[in-house]
Amino acid sequence: MTHLDALVVGGGPAGSVAALALARAGMRVRLIDRARFPRPKLCGDTLNPGALALLERLEGAALIRGVTRRLRTDALAISGMIVSGPGGATVSADYGPGISALAISRAEFDLMLIEQASAAGVDVVEGVRAIAPIIEQGRVTGVRVVGVSGDSRGNTGQDGIAARLVIVADGRGSRLASALGLSKWAVRPRRWAFGQYFTDVAGMEPRGEMHVRPDGYTGVAPLRGDITNVCVVRHVGAGQMAPIDQRTIIRQTVDADAVLRNRFARARAVSAVVALGPLAIEARACGVPGALL
C-alpha cells in the first residue's frame, strides 16, 4: 500500500494551494476532487487587489510559479468598483495608482492552480467524491470515497484512501467537515446565489459592480470577450420572499431594477443559471486530530 503524507479533499484555490505548499515541503500529497477540470464554478470571477497580493506572496515564496504573469496576460484588469444602494445612490471609485483587480473565470483560474499542483508533484485525481472520514482510535486516518477502487495508489480498501493528514477543502457543503463536527449550516442569514453569463450588456466599464437592494444584492463583473458575469444573491427563508424560479430569477431581477434594466435591454444569456446555497456556514473548529479544515 502506498503511503500518503497528506490527502487534500477539494481542488479549489484553498485545496490546490495547500497541496502545493505541502508538496514543495517534500511531502507525498494526493488531491482529489469530484469534478474534472476545467469545470464551471459559481463565483464573481474577480480577484480583488488583496487576493492578487496574496498570490504575489505565494509567488515570492516559490510556492506558485508564473501564475501572476499569466493572469495579467489572460485576465481583464479591473480598476475599481461601482456600488449602488436601495435608494439609487451610486458611488464609483478606483483602487488607486498602480492597484487593480483582475477578472477571470473560476474555470480558468482553478485550472491554473491545479496544473501548478500537479507540476509540483501532487497526485491529482479527478472524478472522486469524498463521502466520509475514516477514524481510528479517535484520529482521522483517511477518507472513504466513491469512484476509486482498491489498487496500487494507496487505498485502504475498495472505497478508502489512507493518509497521515487530511486537508478538508471541499467547500461550504463539505460532508467531511459536517461529519467531523467542524462546520454546520448557519441558521441565518439564509442566502442563495444565482449566476449566469451574458453578452451585449450596455455601459460596462473595467470595474466590478455591487447593487445592494432590500431583498439581497446583484454583482456584475466584466470578463474578456464582451462577457458579463451576473450573480444575484437573495435572502431565502420563512416569510421572507416568494419561491424563486431559478431559470428566470436573474432576468427578472435586472429587468425590475431601475439601475440595471436599460443596460440589459439587448443583453443575451450565454449560459444556464447556476444556483448555490445556502451560503452561510458556521465553522466550529479548525480541525480535529488527523484533519485540518
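Biologist: How many positive and negative side chains are there?
Modeller: The protein has 35 positive and 25 negative side chains, with Lys and Arg counted as positive, Asp and Glu as negative, and His and the chain ends not counted. The centres of the two sets lie 4 Å apart, each charge being placed at NZ of Lys, CZ of Arg, CG of Asp or CD of Glu.

Biologist: What kind of model is it?
Modeller: It is a predicted model, where local features need pLDDT of at least 70, side-chain atom pairs count only at pLDDT 80 or more, and totals for chains, interfaces and linings use all residues. Residues are numbered from 1 along each chain as its sequence is written, and side-chain values use heavy atoms, leaving out hydrogens and water.

Biologist: What share of the residues is buried?
Modeller: Of the 293 residues, 43% count as buried, meaning under 20% relative accessible area with a 1.4 Å probe, protein chains only.

Biologist: Secondary structure: how many helices and strands?
Modeller: Six helices and 23 strands, taken as DSSP runs (H or I, at least four residues; E, at least two) and numbered from the N terminus.

Biologist: In what order do the strands of the open three-strand sheet run?
Modeller: The order is S3-S7-S4, with antiparallel pairing; strands pair if DSSP finds at least two bridges between them. S3 (46-47) and S4 (76-78) are the edge strands, each with a single partner strand, so one side of each has no neighbour in the sheet.

Biologist: And how many bridges join S4 and S7?
Modeller: Three, with S7 covering residues 101-103. Ile 78 has Ala 101 in S7 as its bridge partner.

Terms used:
Buried < 20%, exposed > 50% of the residue type's maximum accessible area, 1.4 Å probe, protein only.
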